[in-house]
Amino acid sequence: MKNKFLKILIIISVLYINIWEIALASITLDGRFSDWNNEPGVYDTVSDAPEDYDFLEIKWTFDQSNLYVYSNINGYLKSFSYDIYISGEKGSFKLNIHCQSTSRFVTLSLYNSNDQYIWGTKGKWMSVDNQTRKVELYVPLSYLVFHTESFTINFNVRNQYDRVLDNGDIIVMGISTGFNFILGILLIVLTALIIYRYRSKKA
């Protein structure tokens with residue numbers, strides 16, 4: 001009985017630690033990209049677009065406030081733009097991304113389905129390495145969905161010559177850290193109940 005109790009307690013503890021690792025995981029927009037290493041992503045077909053317009057890789061993640069997207073693009077252009085087409089609970093949107101390679105500035109402009117500007121920002125969220133350019137950015141979830149606790153977002157990344165995915169959209173299904181917090185509390189309560197029952201039987 002004691003060994004069984006200890007095994008259950010270890011499993012619960014591991015689950016609890018993993019939940020908090022997920023809850024505390026975040027992307028720092030700083031033009032450095034090591035924090036993207038373990039995030040989900042897709043590789044695009046190499047050379048399926050002219051040089052300077054060829055997407056190589058797209059990654060994404062989210063927290064309780066934002067959707068984050070990483071793009072790796074082939075080429076040497078000093079100034080370039082591309083778009084992310086997003087579909088969420090609140091409708092369809094286009095995020096225009098304008099990048100300046102020399103200054104590393106990325107300017108974001110979000111438009112609704114009527115092409116009305118609804119949000120924008122900018123920051124130094126870009127790096128240039130050999131012949132590739134890496135860009136990271138964010139979009140507040142509050143513009144896209146009604147409930148950030150759980151949501152589904154579809155998006156694709158495009159310029160005039162390339163698209164990711166080539167056919168269809170990337171689908172993001174999210175449960176925010178608020179849910180993880182509640183689940184963590186439930187695990188603590190469950191652990192306490194197991195300890196109580198174990199001690200009661202022992203007594």
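Q: What volume does the largest cavity have?

A: Rolling a probe the size of a water molecule over the atoms shows where empty space is left. A cavity here is a set of points, on a 1 Å grid over the protein atoms alone, where a 1.4 Å probe fits but cannot get out. Grid points are joined across faces, edges and corners, and a volume is the space filled by probe spheres set on the points. The largest cavity has a volume of about 40 Å³, and the count comes to one cavity of 30 Å³ or more. The model is predicted: local features need pLDDT of at least 70, side-chain atom pairs count only at pLDDT 80 or more, and totals for chains, interfaces and linings use all residues. Residues are numbered from 1 along each chain as its sequence is written, and side-chain values use heavy atoms, with hydrogens and water left out.

Q: Which residues line the largest cavity?

A: Lining residues have an atom within 4 Å of a point. They are Asp52, Tyr53, Phe55, Ile73, Phe80, Ser81, Tyr82 and Asn159. This lining divides into five nonpolar, two polar and one charged residue; Ala, Val, Leu, Ile, Met, Phe, Trp, Tyr, Cys and Pro count as nonpolar, Asp, Glu, Lys and Arg as charged, and the others, Gly among them, as polar. Strand E4 (residues 79-88) gives the most to the lining, with three residues.

Q: How many helices and strands does the protein have?

A: Helices (H or I, at least four residues) and strands (E, at least two) are DSSP runs, numbered from the N terminus. The protein has two helices and twelve strands. Along the sequence, the pattern is α-β-β-β-β-β-β-β-β-β-β-β-β-α.

Q: In what order do the five strands form the open sheet?

A: Strands of a sheet pair through backbone hydrogen bonds, either parallel or antiparallel. Two strands count as paired if DSSP finds at least two bridges between them. Here the order is E1-E2-E3-E9-E8, with antiparallel pairing. Strand E1 (41-43) and strand E8 (126-129) each have a single partner strand, so one side of each is left without a neighbour in the sheet. From one strand to the next, the twist averages 10 degrees, where axes are lines fitted to C-alpha atoms, for helices over the stretch in contact, and angles run from 0 to 180 degrees between N-to-C directions.

Q: How many bridges join the paired strands E2 and E3?

A: Seven bridges join E2 (residues 55-62) to E3 (residues 66-74), and Trp60 stands opposite Val69 in E3. E3 and E9 pair over nine bridges, with Tyr70 opposite Glu136 in E9. Four bridges join E8 to E9, and Asp129 has Thr132 in E9 as its bridge partner. In the hairpin of E8 and E9, with two residues between the strands, Asn130 takes a positive phi near 55 degrees.

Q: Is Asn72 buried or exposed?

A: Buried means under 20% relative accessible area, exposed over 50%, and partly exposed in between (1.4 Å probe, protein chains only). Asn72, found in strand E3, is buried, with a relative accessible area of 11%. Leaving aside neighbours within four places in sequence, Asn72 is in contact (heavy atoms within 4.5 Å) with residues including Phe55, Thr132 and Arg133. Eight of the nine residues of strand E9 (residues 132-140) are buried, so E9 is largely enclosed by the rest of the structure. Buried residues make up 39% of the 203 residues in the protein.

Terms used: 1 Å grid on protein atoms, 1.4 Å probe; cavity = no way out; pocket = protein on both sides within 12 Å on 5 of 7 lines; lining within 4 Å.
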